[in-house]
Amino acid sequence: MELKHAKRLRGTLSVPGDKSISHRAVMFGAISKGKTEITNFLQGADCLSTISCFRKMGIEIENKKESVLVYGKGLHGLSAPTSELDAGNSGTTTRLISGILAGQNFSSRLSGDDSIQKRPMERILSPLAAMGANVTSCAGNGCAPLLFCPSKLHGIDWVSPVASAQVKSCILLAGLYADGVTSVLEPALSRNHTERMLFAFGAKVSTEGFRVSVLPSPDLMGQKVDVAGDISSAAYFIAAGLLVPDSELLIENVGINPTRDGMIKTVLAMGGNLKKLNERIVSGEPVCDLLVSSSRLSGTEIGGDLIPTLIDEIPILAILAAFADGTTVIKDAAELKVKESNRIETIAENLRRMGVFVEQTDDGMRIEGNPDGLHAADFDSFHDHRIAMSFAVAALALPDGCTMKHADCVNISYPDFYGSLYGLIDG
């Protein structure tokens, strides 16, 4: 695909609904009693995989595009699927639904595409085993396909070695089916959409510092969920507005949950012109409009407790680092190696193609900004949607002539990404 260069960007836009919240709204609606209505649902391939899995377990779900209606059957209302559950490319679907499947009185098999079958699942298999779950990796390598058989679950107090919302959520969802209190203690606070939404649906959830606990067997009731705009999707437009000269963009209805706002904090630390307007609460989540304009950026350090709040935004932050004055250091982000691609490698490879000096480390990278010496390049997404979107944004501020291999992988999270991005080009 030929990528476009832009002299200026202007306009107002809304980004698709938050992927994390969209997944959870379907899952929690399915195991609740009554109807759950979801508006601004993300119609990406990952979230559609979640819908498909629950339909196979007997849940009626109407996808009307403007809203998704989930007719839940309660905590114990799922039925045995007649075929393998397919999570597609979605790590969120795979890890979260595993907590629910572990508590069922029927057997099921869960898998996904080639990428999912290489992603590590031992991080959820270990706590599930500690709870008494009967779940095995069919290939014996700690990856999907996973086979679940009925078992009696016990409450546990799990100390997680990683700050991962997917691991935490898997354990908490299994805890709904356990015989006692289930707690998860993280080394840092990961995104807390599960805790917020479970509470809204009627679960007894408590939080103390980095520890979250849930009581078993709640009466979950269907809710109305208006999904906030995904800050991970907004991140590409924030970056575009910062990098392209003489630009100003207003991005409306963006979720700014404090466990997800690391992108905003980092942009401000780099000297970016970014303002939060019209702050409000929507369906229990903080939301605002973001006004962004062209900026001269400086390098920064990204690490520590900040990493869980921006792990999905590191590819686009690496683009900002390439155009910034000075050095940017990204550390404590070894999780990048087990995403849809090894993002330490794929980010570095593409940055080098456009003339950036990058030093890879085991848990991140060191990027030497080169704002006045960058050139057009032929990029490869490596079938990773966040890599594709990040380097499409880079191309806006590079000379003409950039291309992207496997550009259509953006359908995973943002099917209309290129139309939205190129629709902002002004002149």
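**Working through the model**

Mentor: Let's begin with Thr-328, which sits in strand 18, residues 327-330. Keep in mind that this is a predicted model.

Trainee: Is Thr-328 buried or exposed?

Mentor: Thr-328 has a relative accessible area of 1%, so it is buried.

Trainee: What does Thr-328 touch?

Mentor: Leaving out residues up to four places away in sequence, Thr-328 touches Met-270, Gly-299, Thr-300, Ile-302, Ala-321, Met-365, Arg-366 and Ile-367. With Thr-300 there is also a polar approach: a polar atom of the Thr-328 side chain lies 3.3 Å from the backbone nitrogen of Thr-300.

Trainee: OK, other side chains. Where is Ser-183?

Mentor: Ser-183 is in strand 10, residues 182-185. Its relative accessibility is 8%, so Ser-183 counts as buried, the cut-off being under 20%.

Trainee: And which side chain does the side chain of Ser-183 make a polar contact with?

Mentor: That of Ser-213, at 2.6 Å. Ser-213 is also among the residues that Ser-183 touches, along with Ile-156, Asp-157, Trp-158, Arg-211 and Val-212, not counting residues up to four places away in sequence.

Trainee: Switching to rings. How many aromatic pairs are there?

Mentor: The count comes to eight aromatic pairs. One of them is Phe-28 with Phe-201, with 6.2 Å centre to centre and 85° between the planes, which is edge-to-face.

Trainee: Which parts does that pair tie together?

Mentor: Phe-28 lies in helix 1 (residues 19-30) and Phe-201 in helix 6 (residues 193-201), so the pair ties together parts that are 173 residues apart in sequence.

Trainee: What about Tyr-414 and Phe-417?

Mentor: Their ring centres are 5.6 Å apart and the planes are at 70°, so that pair is edge-to-face as well. Tyr-414 is buried at 2% relative accessible area, and Phe-417 is buried at 0%. Both belong to a cluster linked by ring pairs, which also takes in Tyr-236, Phe-237, Tyr-418 and Tyr-422.

Trainee: Back to helix 1. How does it run relative to helix 2?

Mentor: The axes of helix 1 and helix 2 (residues 45-56) come within 9 Å and cross at roughly 10°. That makes the two helices roughly parallel.

Trainee: Which residues meet there?

Mentor: From helix 1, Lys-19, Ser-22, His-23, Val-26, Met-27 and Ala-30; from helix 2, Asp-46, Cys-47, Thr-50, Ile-51 and Phe-54. By class, that contact has six nonpolar, three polar and two charged residues.

Trainee: Now helix 10. Which residues are buried?

Mentor: Helix 10 covers residues 343-353, and its buried residues are Arg-343, Ile-344, Thr-346, Ile-347, Ala-348, Asn-350 and Leu-351. They pack against helix 9 (314-323), strand 19 (357-361), strand 20 (364-368), strand 21 (378-380) and helix 11 (385-397).

Trainee: What happens at the ends of helix 10?

Mentor: Asn-342 caps the N-terminal end, with a side-chain oxygen 3.2 Å from the backbone nitrogen of Ile-344. Following the helix is Gly-355, whose phi is positive, near 100°.

Trainee: Last one, helix 8. What covers its buried residues?

Mentor: The buried residues of helix 8 (residues 262-269) are Gly-262, Met-263, Ile-264, Thr-266 and Val-267. Their cover includes helix 7 (231-243), strand 15 (273-282), strand 16 (285-293), strand 17 (301-302) and helix 9. Just after helix 8, Gly-271 takes a positive phi of about 90°.

Trainee: And Lys-265?

Mentor: Lys-265 is in helix 8 too, but at 46% relative accessibility it counts as partly exposed.

Key
Residues are numbered from 1 along each chain as its sequence is written. This is a predicted model: local features need pLDDT of at least 70, side-chain atom pairs count only at pLDDT 80 or more; totals for chains, interfaces and linings use all residues. Side-chain values use heavy atoms; hydrogens and water are left out. Rings of Phe, Tyr and Trp (its six-membered ring) pair if their centres lie within 6.5 Å; planes under 30 degrees apart count as stacked, over 60 as edge-to-face and the rest as tilted. Helices (H or I, at least four residues) and strands (E, at least two) are DSSP runs, numbered from the N terminus. Buried means under 20% relative accessible area, exposed over 50%, partly exposed in between (1.4 Å probe, protein chains only). A polar contact is a pair of N or O atoms within 3.5 Å; within protein, one must be able to donate a hydrogen and the other to accept it, and residues adjacent in sequence count only if both atoms are side-chain atoms. Contact means heavy atoms within 4.5 Å. Axes are lines fitted to C-alpha atoms, for helices over the stretch in contact, and angles run from 0 to 180 degrees between N-to-C directions. Angles under 35 degrees count as roughly parallel, over 145 as roughly antiparallel, 65 to 115 as roughly perpendicular and the rest as oblique. Ala, Val, Leu, Ile, Met, Phe, Trp, Tyr, Cys and Pro count as nonpolar, Asp, Glu, Lys and Arg as charged, and the others, Gly among them, as polar.
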